[in-house]
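Hi everyone, thanks for making time this morning.

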Amino acid sequence: MSHSRVAVSVGSVAVLAVILSGCSLPTFGSGPFLAPAEAEAHGDLVVLETQSTDRGDYQHMTIDPEADAMVYNAELVLPAATDTGFTEDQILEAQKTAARLVVEFGLDSTAADDTSTFAEWTDTATDDVLASQTGELFADESNLVFRQDNNASPDFIHDGKPRMDDTTTVTLTEVTGGSADAEGNYLSFTFQTLINYRATDEAVIAAVVAASPEGTLEEVMAALVPEVADGEGENRWDESGTVQYTMLFDEAQERWLIGGYHANYDGGYNLRASD
C-alpha cells in the first residue's frame with residue numbers, strides 16, 4: 001500500500017491479490033437482490049435501512065436498482081469476460097451483486113468513519129466473501145471499506161439521514177474476467193465512484209490535521225478556506241476514485257461472492273452550502 005499526503009487532500013491505494021483459477025463453469029440459480037427500504041433516490045443510491053451506531057443513527061444506502069451500474073452494457077464487457085463462458089444474464093447477476101456491495105460495504109458501512117467498528121462489521125460481511133479469502137480481505141481496515149488510512153476521513157454526520165448527499169455516483173467502467181488455479185472462472189467489475197459525505201467543519205478540520213502530520217495546526221488552518229476554517233456549519237467531504245470487485249460464483253450457496261478487491265481513491269473537502 002502506498003500513500004501520499006498534502007494539507008487539504010489525501011490519497012490512498014489499497015490492493016489485494018485475487019486467488020482465482022480454472023475449473024468447470026458453475027450452474028446458476030436466481031441470486032437474491034435485497035430490495036431497498038424506500039425508493040427515494042440519492043444520486044445513484046437509495047435508502048436500504050436505518051443503521052444505529054454509537055455515534056447516532058444514519059440511513060444506510062444501497063445501489064438504486066434503476067442506476068446505470070445495474071444495467072448490462074455490452075460496450076463495457078471485455079472479451080476476457082465473455083471468454084469465461086458466462087452468459088449475459090450471469091454477468092449481469094454478478095455485476096448487480098458487485099455494485100450493491102460497493103455501496104453497502106465500501107461507501108456506507110459503519111466502518112467507513114469509525115475503524116473501531118471494523119471487527120464487528122466483518123462479522124456481518126463474512127457471508128458475502130469467499131471463505132478462502134476472508135482472512136486476507138479482513139486483515140486490513142482499508143480493505144473493502146473506503147476509509148482513508150491514518151484516520152484521515154472525517155467523522156460523518158449521524159442525524160438519522162443519509163451520510164452521503166444526492167450527488168454520489170457509482171459508474172461501471174469495465175467488466176473483465178479470467179480463470180485461476182483453484183477457485184474457477186471469475187468476473188471483475190471496475191467502478192468509478194464519487195462520494196460526497198456530509199461532515200461538520202470541526203470534523204473536516206480534524207481530518208485534514210490528521211492527514212498532515214508534517215504541518216503545524218497553524219499551517220494547516222491557514223491552508224483551509226474560511227468556510228471550513230471558521231469551524232461552523234456543514235460541508236461535503238468527497239472521496240473519488242476507482243474500485244474493482246472480483247466475483248466468484250459459489251455453487252453450494254448459488255450466489256456470487258467477493259473473491260478479490262482493488263481500490264485507488266482520493267479524498268478532500270468540497271465546500272458547498274448545507275441545505
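**A walk through the model**

Let's start at Val208, which is buried, with a relative accessible area of 2%. Before I go on, please keep in mind that this is a predicted model. Val208 sits in helix α5, residues 201-210. If you look for Ser153, you'll find its C-alpha 8.2 Å from that of Val208, although 55 residues separate the two in sequence.

Now on to helix α3, residues 118-125. Which residues of α3 are buried? They are Phe118, Trp121, Thr122 and Ala125. Looking down the axis of α3, you'd see these buried residues fall within an arc of 105°, so they line one face of the helix.

Nonpolar side chains in soluble globular proteins tend to be buried together. In this model the largest nonpolar core has 56 residues, and those touching the most other members are Trp121, Leu144, Phe189, Phe191, Tyr245 and Ile258. The largest share of this core comes from α2, with 10 residues.

Let me zoom in on Ile258. Setting aside neighbours within four places in sequence, its contacts include Leu101 and Phe105, along with Leu137, Leu144 and Tyr245. Asp128, Val129 and Leu130 are also among the residues Ile258 is in contact with.

Next, the rings. How many aromatic pairs does the structure hold? There are 4. In one of them, the ring centres of Tyr245 and Tyr261 are 5.8 Å apart and the planes stand at 65°, so this pair is edge-to-face. Tyr245 belongs to strand β8, residues 234-250, and Tyr261 to strand β9, residues 255-270, so the pair ties together parts that are 16 residues apart in sequence. Are these two tyrosines buried or exposed? Tyr245 is buried, at a relative accessible area of 0%, and Tyr261 is buried too, at 1%.

Phe249 and Trp256 make another pair: their ring centres are 5.6 Å apart and their planes are at 75°, so this one is edge-to-face as well. Phe249 counts as buried at 9% relative accessibility, and Trp256 counts as buried at 2%. Ring pairs also bring in Phe86, which forms a cluster with Phe249 and Trp256.

For those of you who like charges over rings, have a look at Arg163. This arginine lies over the face of Tyr58, at 3.8 Å from the ring centre.

Last stop, two hairpins. Strand β4, residues 45-53, pairs with β5 in the antiparallel sense over 8 bridges, and 2 residues lie between these strands in the hairpin. Leu45 has Ile63 in β5 as its bridge partner. Strand β5, residues 56-63, is mostly covered, with 6 of its 8 residues buried.

The other hairpin is formed by β6 and β7, with 5 residues between them. Look in the turn for Gly184, which has a positive phi of about 100°. Strands β6, residues 169-179, and β7, residues 185-200, run antiparallel and are joined by 10 bridges. If you'd like a landmark there, Glu174 has Thr190 in β7 as its bridge partner.

That's my tour, and I'm happy to go back to any spot you'd like.

How values were computed. Residues are numbered from 1 along each chain as its sequence is written. This is a predicted model: local features need pLDDT of at least 70, side-chain atom pairs count only at pLDDT 80 or more; totals for chains, interfaces and linings use all residues. Side-chain values use heavy atoms; hydrogens and water are left out. Buried means under 20% relative accessible area, exposed over 50%, partly exposed in between (1.4 Å probe, protein chains only). Helices (H or I, at least four residues) and strands (E, at least two) are DSSP runs, numbered from the N terminus. The arc is that of the directions from the helix axis to the C-beta atoms. Rings of Phe, Tyr and Trp (its six-membered ring) pair if their centres lie within 6.5 Å; planes under 30 degrees apart count as stacked, over 60 as edge-to-face and the rest as tilted. A charge sits over a ring if NZ of Lys or CZ of Arg is within 6 Å of the ring centre and within 35 degrees of the ring normal. Two strands pair if DSSP finds at least two bridges between them. A nonpolar core is a set of buried Ala, Val, Leu, Ile, Met, Phe, Trp, Tyr and Cys residues joined through side-chain atoms within 4.5 Å. Contact means heavy atoms within 4.5 Å.
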